Amino acid sequence: MSRYLFDSADVHAGGRFTALESCYDPVSRRQLELTGLARGWRCLEIGGGSASLGDWLGECVGPQGEVTVTELEPRWAASRQRPAHVRLLRHDIVRDPLPGKDYDLIHARLVLLHLPQRIEVLKRLVAALRPGGWLVLEEFDCGWTPVLAAPDEASVSLFDRVHSVLMGLLEKAGADPLWGRRVLGAMAAAGLEQLTATTYAQAWPGGSTGIALHHHNTDQVADRLATSGVSASDLEEFQALLTRPDFVVNSYPLISARGRRRHENDEGMPR
């Protein structure tokens with residue numbers, strides 16, 4: 001099984017999924033609706049976490065359709081009973097064959113960012129679309145997370161320093177923290193058409209659901225932060241800062257990019 005910096009089997013993964021779903025599911029749903037999502041569609045949800053979006057897709061396509069939700073560690077989604085047309089599958093997008101083809105819609109949020117093999121995976125996803133099918137990729141641009149308000153400059157410096165070390169760990173693990181700003185170009189190079197992208201961000205005050213993402217992420221890799229120069233007291237102070245309402249940081253901007261596979265009878269014209 002492929003291993004990533006933020007392991008889905010870790011105890012902190014549940015909290016991370018909750019933060020991401022609370023902040024970004026409404027955004028993702030709107031982007032998926034813009035594809036024309038309808039009854040009877042065949043959908044593939046890659047890296048579905050606790051399957052909140054996969055379950056929603058199941059409601060949208062109805063029993064006439066089909067939704068496959070894949071996840072490296074599906075236990076976060078396994079507790080909920082699902083209708084027969086929504087399938088949960090333990091699956092490694094890097095190592096395992098795709099579970100099907102001719103999909104009307106394939107969606108992945110914050111998956112390819114973590115994959116050293118992201119371009120190869122992207123090409124496989126495009127090939128699994130039916131002609132005219134849609135690929136929606138949603139990725140962070142982790143290069144723009146300014147502190148919007150803070151009790152003092154020392155707090156700003158602490159956040160920036162710990163966050164910078166965390167981004168360095170991501171890169172060492174093969175992730176691309178700036179993948180969000182590159183994803184649309186990569187989709188164009190893969191041959192998709194009718195390309196478009198939107199960017200969503202919001203303010204995360206201390207104590208909010210969103211800012212808890214920083215808490216879960218740093219908790220999960222505390223040992224590696226320590227070996228990279230973040231002391232235990234630094235991390236304790238950092239996490240205390242995340243609870244203060246007078247500390248506000250910009251969320252990770254989520255770039256939602258979508259593109260369509262060309263119809264076989266197209267002659268250079270979008271349809």
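What volume does the largest cavity have?

## Cavities

The largest cavity has a volume of about 620 Å³, and a search of the whole structure finds 2 cavities of 30 Å³ or more. A cavity is here a set of points, on a 1 Å grid over the protein atoms alone, where a 1.4 Å probe fits but cannot get out, and lining residues have an atom within 4 Å of a point; grid points are joined across faces, edges and corners, and the volume is the space filled by probe spheres set on the points.

Of the 34 residues lining the largest cavity, Phe17, Arg109, Leu110, Val111 and His114 are the closest to its centre. Among the elements that give two or more residues to this lining are helix H1 (13-33), helix H4 (153-172) and helix H6 (212-220), with H1 giving the most, 4 residues. Helices (H or I, at least four residues) and strands (E, at least two) are DSSP runs numbered from the N terminus. By class, the lining comprises 18 nonpolar, 10 polar and 6 charged residues, where Ala, Val, Leu, Ile, Met, Phe, Trp, Tyr, Cys and Pro count as nonpolar, Asp, Glu, Lys and Arg as charged, and the others, Gly among them, as polar.

## Basis of the model

This is a predicted model, in which local features need pLDDT of at least 70 and side-chain atom pairs count only at pLDDT 80 or more, whereas totals for chains, interfaces and linings use all residues. Residues are numbered from 1 along each chain as its sequence is written, and side-chain values use heavy atoms, with hydrogens and water left out.

## An open sheet

An open sheet is formed by 3 strands in the order S6-S9-S8, with antiparallel pairing; two strands pair if DSSP finds at least two bridges between them. Strand S6 (147-149) and strand S8 (203-205) stand at the edges with a single partner strand each, so one side of each is left without a neighbour in the sheet. S8 pairs with strand S9 (residues 248-250) in the antiparallel sense over 3 bridges, and Ala203 stands opposite Asn250 in S9.

Tyr252 is placed in the loop between S9 and strand S10 (254-260), and counts as buried (under 20% relative accessible area, 1.4 Å probe, protein chains only) because its relative accessibility is 3%. Leaving out residues up to four places away in sequence, Tyr252 touches residues including Tyr24, Phe140, Trp204 and His163, contact meaning heavy atoms within 4.5 Å.

His163 lies in helix H4 and is likewise buried, with a relative accessible area of 7%. Beyond its neighbours within four places in sequence, His163 is in contact with Cys142, Thr145, His214 and Tyr252.

Note on methods:
1 Å grid on protein atoms, 1.4 Å probe; cavity = no way out; pocket = protein on both sides within 12 Å on 5 of 7 lines; lining within 4 Å. Buried < 20%, exposed > 50% of the residue type's maximum accessible area, 1.4 Å probe, protein only.
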